[in-house]
Structures are given as C-alpha cells and as structure tokens.
Amino acid sequence: DRFDWLSVTFLLGAVLLCYYLVPLLSLIVSQPPGVVLERLRAPEVVSAATTSVTAAVTSTAIATVFGLPLAYWLARVDGRMKTVVTALVILPLVLPPIVSGMVLLTVVGPNTLLGEAAADSGIPLTRSLVGVVLAQTFVASPFVVVTAKTAFEGVDRRLEYASQSLGKSRLTTFRRVTLPLAWSGILAGITLAFARAIGEFGATIMLAYYPRTMPVQIWISFSTLGLENAFPVAAILVGIAIATLVVLN
Amino acid sequence: DRFDWLSVTFLLGAVLLCYYLVPLLSLIVSQPPGVVLERLRAPEVVSAATTSVTAAVTSTAIATVFGLPLAYWLARVDGRMKTVVTALVILPLVLPPIVSGMVLLTVVGPNTLLGEAAADSGIPLTRSLVGVVLAQTFVASPFVVVTAKTAFEGVDRRLEYASQSLGKSRLTTFRRVTLPLAWSGILAGITLAFARAIGEFGATIMLAYYPRTMPVQIWISFSTLGLENAFPVAAILVGIAIATLVVLN
Amino acid sequence: MLELTALSKTYDGFEFGPVDLTVGEEVLSVLGPSGSGKTTLLSLITGTTEPDSGSITLDGRPLDRRSLQERRAGLVFQDGALFPHMTARENISYAATDPDRVTELASLLEITDILDRRPPTLSGGEQQRVALARTLAADPDTLLLDEPLSSLDAPIRRRLRGELHTLFESLTIPIIYVTHDQRTATALGDRMAIFRDGTIAQRGPPSRVLTRPETRFVAQFTGTENLFEGTIVTASEEDTTVRIGDRTVRASATDSAGSTVTVCIHPSRVSLSLEDSETRPESENILPGTVDQWLNEGADYRVDVDIDGAPITIIATIQPAVFDRLAIDTGSPIHVSVPPSAIHLISRQ
Amino acid sequence: MLELTALSKTYDGFEFGPVDLTVGEEVLSVLGPSGSGKTTLLSLITGTTEPDSGSITLDGRPLDRRSLQERRAGLVFQDGALFPHMTARENISYAATDPDRVTELASLLEITDILDRRPPTLSGGEQQRVALARTLAADPDTLLLDEPLSSLDAPIRRRLRGELHTLFESLTIPIIYVTHDQRTATALGDRMAIFRDGTIAQRGPPSRVLTRPETRFVAQFTGTENLFEGTIVTASEEDTTVRIGDRTVRASATDSAGSTVTVCIHPSRVSLSLEDSETRPESENILPGTVDQWLNEGADYRVDVDIDGAPITIIATIQPAVFDRLAIDTGSPIHVSVPPSAIHLISRQ
C-alpha cells in the first residue's frame with residue numbers, strides 16, 4: 001500500500017514536470033539556432049526588443065522606487081489596515097491582464113479627461129512608450145511589493161530595535177541593517193517584476209498596440225505570417241526567462 | 001531629516017496604491033451597473049463565461065492532482081535536485097504567456113506529430129476546449145506547486161516524525177497531520193491557479209482563438225466594437241478577482 | 001536613576017501593572033515564571049512597547065513617547081541579537097562613537113581574538129560577550145538584560161555569571177537583569193523583584209526575599225518547598241509556637257497577625273541526624289520521622305522524610321558528605337531538625 | 001534491550017561516533033553540552049537520521065533501514081511536538097489502539113481535566129504530560145526523551161521530575177533521557193553517559209561519574225570546579241600524598257599512574273571552619289586561607305578562598321546556616337577542610 005502510493009505520487013509529479021519541460025525543448029529543437037540567430041538582426045525584431053527593454057527597465061525602476069516603501073510599511077504594520085492594503089496590492093496580480101488594460105483605459109484612454117490633457121501636452125498615454133510603461137507598471141509592480149514585503153518580514157524586528165536602542169535613527173537602521181539583510185529577497189522581487197513586465201501582453205495590447213513590444217510582435221508575426229516568423233523574438237524572451245531563473249537562485 | 005524621510009516614504013507608497021485603486025473605481029463609475037447587468041445575458045457573454053469556467057475548473061483540478069504530490073516532494077527533499085526542479089516549476093511563471101503559447105504549439109500544434117494524431121482521433125488539441133485547458137494548465141499550475149510547497153514546508157517536520165514514530169504509515173501521516181495543517185496554504189494556491197487560469201489570455205489566444213474564453217471575448221469586443229462592448233465580460237472577471245481576494249484572506 | 005510610575009499596559013488576555021519601581025545605581029534582578037511580564041517591563045523601558053498609562057523617567061528625563069534612539073536604554077537580548085551580516089568588530093563599532101572604545105571593551109570582555117568573526121560562527125557565550133560590548137559601546141544611561149545566560153551550558157553560564165558580577169560593580173548606571181533562574185537572580189542582584197501576572201509580588205534584598213517570602217507563590221517560586229498549614233498556639237516577643245497536625249514547632253518571633261499561618265521551611269535549612277540526643281542550642285525543633293525517598297541531585301541529595309504523628313512530609317537537601325555519614329535509605333528512621341530562625345510564617349487571610 | 005554497535009554519522013563539520021552503547025530495562029541519562037551529539041543519538045535510534053555505519057537492535061530486532069513506523073521507538077520532543085489541530089484527547093487517541101488506554105494514561109499523568117483543550121492553550125508542563133501520554137499510548141519498545149523539562153519553570157520542573165522518576169520505575173523498557181542539566185540527569189538516571197564532540201566521554205552510575213570523573217572535561221561539566229595540577233609525593237595502599245604548589249594534601253588511595261595528576265575537589269565537598277583545632281577524624285586536610293569573594297546563590301552560598309602559601313583558590317558551596325554561623329566576609333581568614341575521600345585524582349598524560 002505504502003509503496004504504491006509513493007510511486008503514484010512520483011509519477012504524477014513527473015508528468016507535470018514533463019509538461020513544463022518538453023515544450024521548451026521542442027522549441028529549441030524545432031528551429032535551427034543558426035537561422036534564428038540570423039533573423040535576430042531584422043529591423044522589426046531590433047525595434048521590438050528596444051521598445052520592450054526600455055519600457056521594462058523604466059517600469060521596474062518605477063515599481064522599485066514606489067514599491068519598496070510600501071513593502072516596508074506593510075511588513076511593519078499590523079491589523080486591519082495591513083489586510084486591506086495587502087489585498088489591494090494583490091488585486092493586479094489576480095486581475096486578468098486584459099482586464100487590467102481595460103481598467104487603465106478608463107482612466108488614461110484617449111477619450112478620458114487625463115488622456116486628452118496629456119495628449120494635448122504632447123505626451124499621449126496610449127499607443128506610445130508611456131502607454132507600455134503604464135501597462136507594465138500596473139501589472140508588474142505588485143511583484144516588487146509582495147516579494148520585498150516578505151523579505152522585510154524576514155528581518156528580525158529585534159535587530160532594528162537593537163540598532164535604534166544603540167542610538168541610530170530609523171533611516172540609518174534601515175540603510176545599514178534592514179536593507180542589507182533583506183537585499184536578496186528584494187532583488188528577487190525586482191527580477192520577477194522585470195520578467196513580468198517584459199513578457200506583458202494582455203494589458204499592453206489594450207493600451208499600446210504600437211509601438212510594438214516583443215510579445216505584441218510575436219502575436220503579429222504569428223497571426224499574419226505564421227509560427228516560424230515568431231521564433232526570433234521568442235528566443236530572446238526565453239533567454240530572458242532563463243536568465244531570470246538564474247538570478248532568482 | 002527623519003520626519004521628511006518618513007513622509008516621502010508614505011507618499012510614494014500612497015501613489016502606488018492609488019494607481020491600483022483608481023482605475024478599478026473608474027471602471028465601476030464609468031458604466032451604469034444596470035446596463036452592464038442587462039448585457040450579461042447576451043449569448044456571446046454566456047458562451048464565453050461557460051467556456052472559461054469549464055476550462056478553468058478543469059485545469060485547476062489537473063493542477064491540483066498533479067501539482068500537490070510534486071509540491072510535497074519539493075518541500076521534503078533537499079540539495080541540488082530541489083533547486084533544479086524548483087527552477088523548472090517557476091519557468092512557466094517567468095515565461096511570457098504568449099511565448100508559453102508558442103512553445104506549446106511546437107508540441108501540440110496542428111502540424112505536430114501529437115497534434116495530428118489527436119486531431120485524427122477526434123480530439124483536436126488546438127482551437128478546442130482541450131486547447132484552452134492545455135494553455136491554462138501550463139500557465140496556472142505552477143501557482144499550486146509553489147504555494148503548496150511553501151505550505152508543506154510550514155508544517156513542522158517533527159510532527160510527521162512524531163506521527164510515524166507512533167506507528168502510523170506515511171499515507172496516514174500525510175492525510176491526518178500534514179494535509180490538515182497545510183490546508184489553508186494549499187487552498188490559497190488552488191485559488192490563485194483558478195484566478196490565473198480564468199484570466200489567461202496570451203497562451204490561450206495562441207492555442208485556441210475559438211472557442212472564445214472571456215479574455216479573448218473582451219479582446220474581440222474591444223477591437224471590433226469598442227471599449228464599452230467589453231464591459232459586461234470584464235465585470236464578471238473583476239467579480240471573480242475580488243472573490244479570489246476574499247478567499248485568499 | 002530609573003523611575004517607573006503607575007506603569008500599565010493591556011494586551012489581549014494579559015494585564016501588565018500598574019507597576020511602580022525605582023532603580024538607582026544598583027542591579028535589580030527581576031525574577032518570575034514565563035508570562036509574568038518580565039519581558040514586557042523591558043519593552044516598556046526601551047520603547048518597543050508604549051504603555052497605556054503611567055510614566056518612565058531616566059535620570060530625571062521623561063522617556064514617554066520618545067523614540068528608541070533618544071532613550072539611551074541599552075538592551076542585551078536573550079540570544080544576543082547581533083547583526084548577522086557584520087563581524088563582531090563591526091557590531092561593536094556600529095554602536096561606538098570612539099574607535100578606541102572598541103579595543104577597550106574587547107579587552108574587558110575578553111573577545112579580542114574573535115573580533116573578525118561573524119556571529120553565526122561564534123559560540124553562545126561569545127555572542128553574549130559581543131552583545132554586551134556592543135550595548136556598552138553606546139554608553140547607555142541604563143542597562144537592561146533579558147535572560148542573557150539562559151541558553152548557555154552550565155560551566156560557561158557559571159563563569160559568565162561571575163564576570164557579569166564584576167562588570168556590574170564597575171558600572172554606575174541602573175541595571176535591570178531579567179531571569180527565571182533564582183540562582184542567577186540572587187547572585188547578581190543588589191535587590192530583587194518577583195513578578196507574577198504582570199505585577200510585583202515582592203521586592204527587596206535577595207536574602208530577605210528568599211528567607212522571608214510574603215506569599216505562598218513567592219515561597220514556592222524561590223524554592224521553599226516545605227509549606228504547611230499551621231495554627232499559632234502562643235506568641236511572645238522572643239518566639240512563636242505553631243501547631244502543625246499533632247506536632248508543635250518553635251519559630252522566631254513573628255509579626256504575622258491571625259492565628260492560622262503558612263509555615264515555610266527551605267529544604268536547605270533542614271538538617272538530618274540519627275539521634276535526637278544531639279544538643280546543639282539552636283536545634284530545638286527535632287522531629288522524628290522515616291525516610292520516604294531520596295534523590296541524588298549531584299551537588300546535593302534531596303531526602304523526603306515522613307514526620308511521625310503528623311500528616312506532613314519535610315524535604316531536606318543535604319550535602320553528599322552528610323548523606324554518606326548518615327547512611328540514609330528508604331524506610332530508615334531519621335530525625336529532622338529545623339532551627340527556629342529558619343521557620344518563616346506567612347499569615348493567611 | 002537496546003544495543004548500539006559502532007554507530008557513526010558524519011554531517012558537514014560534525015562527526016558523531018563511533019558509539020557503542022547498551023541500554024537494558026533501565027534509565028540511561030545522556031548529558032553533554034549543546035552540539036555534543038545528544039540529539040543525533042536520538043535521531044539515529046528513531047530513524048529520522050540514517051547512520052553512515054554501525055547497527056542498532058531493539059530486543060534483538062535490527063532497526064537498520066527500517067521505517068520510523070516499524071521501529072516502535074517512542075520519542076518525547078523538547079516542546080512536546082503535539083499536533084496543534086487536535087485536542088489533547090485526540091492527540092493521545094491518535095496513538096492508542098485501545099480507547100480505554102487513553103483514560104488510563106490521562107489519569108496516570110493527571111491530565112483528565114484538560115483532555116478537551118487544544119495544545120496552544122496548555123501550559124508547558126501540561127503539554128509535556130500530554131506528549132508523554134501520547135508516546136506511551138503507542139506502547140513503544142523503548143522510550144526516548146529529548147530535554148522534556150528544559151523549557152519549564154523551576155517549580156513545575158521539580159515536580160514533573162519527581163513524577164517522571166516514579167513513572168520510569170513502573171516501565172520495563174529501555175529509557176534514554178537526554179538533558180544538559182546535571183541535576184536532572186543524576187536524579188533520573190540509573191546510569192549516565194557524558195557526551196562530548198559526538199563520543200561518550202564517560203559512562204557509569206551517576207554517583208560514580210560525578211565523584212570519579214576520568215577527564216578534566218567530565219569533572220568541569222559535572223560541576224567539579226576545583227581543578228589543580230599536582231605531583232604525587234607518596235602513594236601507598238591506604239592513601240596518596242599530593243603536592244599542590246607549596247601545600248600537601250592527603251587523598252584516598254588511587255590507581256592513577258604517573259606522578260603528575262589533576263586534583264579534583266567538588267565545591268560541595270569542601271567545608272569551612274574558623275579554627276584548625278577541630279579534630280573530626282576525616283578532616284585531615286585543613287588549609288588556612290582568606291575569603292576572596294562570596295556569592296549568595298539562594299539555596300547555598302559560594303565562597304572563593306585563597307589558600308595561604310599556594311597560588312590556588314578553592315571554591316566551596318556551603319549551606320546558609322553554616323554561612324551565618326561563620327560570619328564570612330571578604331578578606332576574613334578561614335580554614336578549608338577537605339576529607340581525603342573527597343579528593344579525586346586524574347593522571348595526566
């Protein structure tokens with residue numbers, strides 16, 4: 001009885017692992033790397049990559065600057081307030097990306113107050129790099145907040161008390177005790193946010209069909225020219241995903 | 001100095017919170033609930049909701065059955081093996097959904113060995129409910145594994161040792177000690193997976209443009225008829241997201 | 001001078017205070033069971049917890065609503081709470097304004113050789129020395145210690161306790177030493193406060209608290225295991241006669257009112273002998289009995305004696321040499337003697 | 001009968017064993033500093049850790065490579081490790097095959113009143129009673145206890161220790177009791193094993209291990225604080241004369257070879273007196289000295305005496321009555337006396 005159960009367990013887990021692994025191997029096998037590498041220099045690939053990286057770096061930076069203080073506050077507060085704010089931070093994570101794009105459009109869309117005002121000042125909030133950044137920030141920044149919150153919670157509060165009792169200010173304590181100890185967790189959050197931002201598709205396609213990010217470029221290549229034409233951009237994104245995994249360890 | 005820093009912190013966090021909250025409120029304000037409720041009965045809305053719920057329930061069930069054993073194994077193993085397998089589980093989480101759809105197409109697409117064989121047996125793996133389930137499972141199941149793994153890790157291993165030393169089998173120990181203690185965490189993982197599955201857009205649109213899930217329906221309504229026509233379906237998805245938050249607490 | 005006035009704090013299910021307490025340039029050891037409020041007391045002084053009411057002043061400065069940074073109250077945590085990403089030296093110089101102070105403290109606390117190691121590689125005793133050096137490096141106006149020895153092995157604990165005793169004598173600030181170990185509390189404290197359920201059950205010099213407990217709780221908690229219900233028969237200015245069951249014992253004069261009392265005898269104050277003919281002047285209470293059981297506890301033996309003609313059992317702790325000489329065994333007859341000065345009476349309400 | 005043969009296990013940076021050990025129907029108390037391998041010993045027997053080599057048999061059954069379930073080795077954890085989602089009753093009946101056994105054990109361990117409460121609402125002592133009942137409910141072939149009293153307050157610890165002593169006498173299985181508290185180890189163990197760095201430093205009846213330590217480490221760890229380097233002057237069948245500095249003391253006959261020895265005297269075996277004219281027959285070693293310092297430790301006083309004409313300090317623990325009678329104070333002259341039988345010699349390599 002015990003033996004059977006262990007075997008079945010092992011088998012079920014292994015099936016799931018194969019389901020993650022096989023498609024990835026299949027992608028690598030199905031296309032000769034030479035051909036893919038050659039097409040990486042195509043102008044639409046370079047343009048999409050530039051747009052994606054610029055937007056993702058910007059939105060990750062915004063997420064970090066605005067998210068870390070929120071994460072620290074959430075880690076050190078208690079009670080009802082914490083529950084409500086945490087729920088609000090998780091909301092963009094459980095909201096479908098396409099819906100995230102929709103709700104953003106109701107605020108920054110071309111026919112809204114804010115959208116019109118911005119467009120008049122020459123900074124259109126949709127169909128622009130700003131639009132991409134807005135979409136990516138909404139969807140990706142919760143990763144910084146949630147992961148950094150956990151990292152801050154992992155720093156023994158008594159160490160902060162000890163530092164303050166030794167006559168150090170809160171800022172010094174944060175800079176020299178809390179931040180160094182939470183750093184690896186925070187880095188993980190930033191990495192996850194970057195990965196999420198650069199892979200964002202649903203919200204981006206709603207806010208900014210142009211300029212094309214890599215995921216949008218894949219969709220267009222696939223739907224107009226077929227699967228093969230999407231491979232070069234996909235190769236870059238798979239590379240970034242694997243680099244993310246390396247950083248996360 | 002201290003006062004300034006605290007204020008700035010508070011301000012930055014508050015700005016980010018507003019960025020999460022305002023669009024959602026805007027969505028609710030921008031459309032009279034009466035009109036939205038009326039359009040919920042439209043045949044294309046009902047059809048999309050049925051497809052989405054059926055597929056998401058199925059893929060969440062698959063994720064649970066296959067994912068829990070893997071999560072338990074990961075929680076109780078150590079060393080290099082754990083690192084590698086954990087990385088493989090996180091991969092679908094950091095892979096852009098549109099790329100996930102692509103890599104799945106290289107295995108189950110209409111021109112692949114597997115895809116053709118299945119289509120010949122009358123079970124097409126793309127442009128079908130099966131295709132939706134395949135896409136959702138790939139993207140959503142890691143949430144079950146990762147969250148349940150953390151929940152299992154939170155169960156003091158000494159409690160399992162105590163149970164076994166009292167003459168109970170591993171299966172009995174799992175059923176009566178580990179599972180009850182990890183249950184709330186596992187439920188959170190299942191909830192997250194369901195939310196992710198029902199909101200899936202990038203991978204689904206690659207594998208199954210038809211039958212239309214709710215996110216795909218939103219995209220089609222938006223791109224062919226304009227933003228207003230996407231509201232009824234979005235309302236359902238926002239409701240599900242909020243219900244998810246409630247369960248997570 | 002550290003002064004606490006009517007300090008109180010209510011958590012869910014636990015009430016601390018009101019506590020009034022003054023600590024001068026001395027060591028106050030705070031003793032009590034777990035959950036009696038010892039750690040809450042320290043949190044209120046350092047500022048990690050705000051009181052519901054009452055006030056704290058340190059050298060005349062009110063500490064209420066001041067930040068931790070401004071209080072200058074140095075706290076040594078149970079496990080040291082060293083910064084794990086800094087070496088021992090970095091931990092200490094983090095707190096010190098003068099680099100020479102690090103060298104000085106390191107030599108005082110005998111940690112010069114381990115200054116370049118990180119906390120996780122240090123033993124428990126070394127971590128506590130570094131933590132102490134770090135706290136002293138900030139020149140605090142009061143020193144608070146939260147069970148710093150409780151996680152150490154016996155020989156190191158004994159050694160460090162002796163060193164703390166010497167160190168404390170050289171400091172001229174109020175020191176509060178929290179512990180649940182009566183031995184350490186007695187050895188280090190100039191005064192002692194016994195906590196129970198968030199309030200002070202008794203305070204005073206350790207020798208007085210130990211020999212003259214005011215309540216059953218204090219008696220039991222400080223190791224007075226022999227507690228009997230008795231009735232006062234006669235009381236004069238010289239002595240008191242108390243009846244326990246069918247037996248009568250003579251105690252020193254007492255100020256306890258009422259006729260029913262709790263008779264307290266510390267096991268280490270009970271002597272055992274084979275004959276009742278011994279005529280040491282102070283041994284007036286000689287009770288015949290039978291050995292019920294005995295336990296070798298290493299440094300001493302613990303002997304339970306059933307007293308003849310009274311439904312009571314007296315516990316005596318005697319030294320190994322005496323145990324060997326008396327050839328004690330279960331069932332053997334023995335005489336218990338207790339000097340009147342070792343019998344303490346608590347009046348019962 | 002529990003038999004361990006050449007058992008060894010290497011972790012990163014820690015080597016356990018090889019350990020050979022036999023435990024019959026008795027209580028073996030295992031004593032040692034933290035990190036000496038006490039808990040590893042229990043893990044190897046229960047099966048949570050597999051040994052690198054060696055074997056374990058219980059009543060003749062080999063336990064090697066058997067699952068935890070099949071070993072029938074009952075373990076009581078330091079904090080009880082009760083299932084937090086079950087009541088006390090459910091915890092016990094989880095292990096019991098017969099429902100009557102739950103009632104029986106609850107009454108034996110005096111937990112009948114708390115059976116319907118959940119572990120987090122129980123006190124530390126109650127949790128340990130329930131944990132013990134749960135372990136016994138499974139009728140184990142051996143009982144292993146990992147410091148079950150270490151997190152309890154003194155009065156409860158003392159009481160539970162007495163109850164464990166009675167309980168252990170009623171059990172007819174091998175019992176291993178792991179602790180770092182020498183007092184508990186001595187009180188509960190029929191035999192004692194002292195662990196150091198993963199191996200057994202000494203084993204034997206507690207009274208023998210305490211009075212006849214074989215190494216400096218064992219002597220120090222069991223509280224023999226007076227350790228001096230000496231030279232044997234004469235050795236006969238009756239006694240041995242040893243020189244320490246300028247002083248000579250007489251010890252009982254010894255089998256220690258070599259002329260350089262470590263002289264061990266337990267502080268509780270040292271007596272203090274005002275005159276050297278006292279002529280108790282066994283007190284042949286009378287050394288004049290001066291009180292260096294003293295410490296009130298509650299149940300006894302600890303007095304450091306500098307011996308005149310020898311660079312040594314002898315520590316004595318004396319009972320309060322004696323301390324009061326001698327009117328001891330720092331700097332006052334005093335005589336130290338040590339019976340020859342209390343002087344133990346360890347030969348140095």
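In this predicted model, strand β4 of chain C and strand β5 (residues 61–62) of chain C are paired in the antiparallel sense, with two bridges between them. The two strands form a hairpin in which two residues lie between β4(C) and β5(C). One residue of the turn, D59(C), has a positive phi of about 50 degrees. Within this pairing, T57(C) has P62(C) in β5(C) as its bridge partner.

Strand β4 (residues 53–58) of chain C is also joined to strand β1 (residues 2–11) of chain C. These strands run antiparallel, and five bridges connect them. Here T57(C) of β4(C) stands opposite E3(C).

Another part of chain C contains an open sheet of five strands, in the order β15-β19-β16-β17-β18, with antiparallel pairing. Its edges are formed by β15 (271–273) and β18 (313–318) of chain C, each of which pairs on one side only. On average, and with direction ignored, neighbouring strands of this sheet are turned by 45 degrees against each other. Inside the strand order, β16 (residues 285–296) of chain C and β17 (residues 301–307) of chain C are paired over seven bridges, again in the antiparallel sense. In this pair, V291(C) is found opposite V305(C) of β17(C).

Chain B and chain C, by comparison, do not touch, and their nearest C-alpha atoms are 11 Å apart. Chain A and chain D do not touch either, with their nearest C-alpha atoms 11 Å apart.

The contact between chains A and B involves 80 residues from chain A and 80 residues from chain B. The size of an interface is often expressed as the accessible area that is lost when the parts come together. Between chain A and chain B, the buried area is about 7,100 Å², and carbon and sulfur atoms give 85% of this area. Zero salt bridges are counted between chain A and chain B, while six residue pairs are in polar contact, both residues being at pLDDT 80 or more. On the side of chain A that touches chain B, helix α1 (residues 2–30) of chain A gives the most, with 19 residues. By class, this side of chain A has 64 nonpolar, 13 polar and three charged residues.

Conventions:
Residues are numbered from 1 along each chain as its sequence is written. Chains are lettered from A and ligands numbered from 1 in the order in which they are written. This is a predicted model: local features need pLDDT of at least 70, side-chain atom pairs count only at pLDDT 80 or more; totals for chains, interfaces and linings use all residues. Side-chain values use heavy atoms; hydrogens and water are left out. Contact means heavy atoms within 4.5 Å. Two strands pair if DSSP finds at least two bridges between them. Helices (H or I, at least four residues) and strands (E, at least two) are DSSP runs, numbered from the N terminus. Axes are lines fitted to C-alpha atoms, for helices over the stretch in contact, and angles run from 0 to 180 degrees between N-to-C directions. Buried area is the accessible area (1.4 Å probe) that two parts lose on being put together, summed over both. A salt bridge is a side-chain nitrogen of Lys or Arg within 4 Å of a carboxyl oxygen of Asp or Glu. A polar contact is a pair of N or O atoms within 3.5 Å; within protein, one must be able to donate a hydrogen and the other to accept it, and residues adjacent in sequence count only if both atoms are side-chain atoms. Ala, Val, Leu, Ile, Met, Phe, Trp, Tyr, Cys and Pro count as nonpolar, Asp, Glu, Lys and Arg as charged, and the others, Gly among them, as polar.
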